[in-house]
Amino acid sequence: MSHHANVLRAIFHDPISANIHWREVESLLHHLGATIESGHGAKFRVVLNQFEGFLHHPHHGGVFAKQDVKHVRELLERAGVTPSSYDEHHGK
């Protein structure tokens, strides 16, 4: 299983993980074809599959808080990306 698939599963796992790093999420989003633009302060604009969302770069060590993981999950869901859709698209 690819690293990106593992990160995606971690984002959708319940209970929410408190050990997901910004660089892993950023890499996953780029892998999925998202554009990421730096906004004001720690805010980033993400466009994925024609859906726009905003994420905050974590402040302490680059690890997302559980609430921020929820925001990433919601963005991915709105863009039609889930672990099962990823597996279908990538031939798992």
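In this predicted model, the side chains of R9 and D87 meet in a salt bridge at 2.5 Å, N to O, the term covering a side-chain nitrogen of Lys or Arg within 4 Å of a carboxyl oxygen of Asp or Glu. The pair links distant parts of the chain, with R9 in helix 1 and D87 in helix 4 (residues 83-89), 78 residues apart; helices are DSSP runs of H or I with at least four residues, and strands are E runs of at least two, numbered from the N terminus. R9 is partly exposed at 31% relative accessible area, whereas D87, at 16%, counts as buried, where buried means under 20%, exposed over 50% and partly exposed in between, for a 1.4 Å probe and protein chains only.

The whole structure holds four salt bridges.

E24, in helix 2, is buried yet has no salt bridge, the nearest side chain of opposite charge, R23, being 5.6 Å away; Lys and Arg count here as positive and Asp and Glu as negative, with His and the chain ends not counted.

The largest nonpolar core has 26 residues, and I11 is among those with the most contacts inside it; such a core is a set of buried Ala, Val, Leu, Ile, Met, Phe, Trp, Tyr and Cys residues joined through side-chain atoms within 4.5 Å. Its largest share, five residues, comes from helix 1.

Residues are numbered from 1 along each chain as its sequence is written. Local features need pLDDT of at least 70 and side-chain atom pairs count only at pLDDT 80 or more, while totals for chains, interfaces and linings use all residues, and side-chain values use heavy atoms, with hydrogens and water left out.
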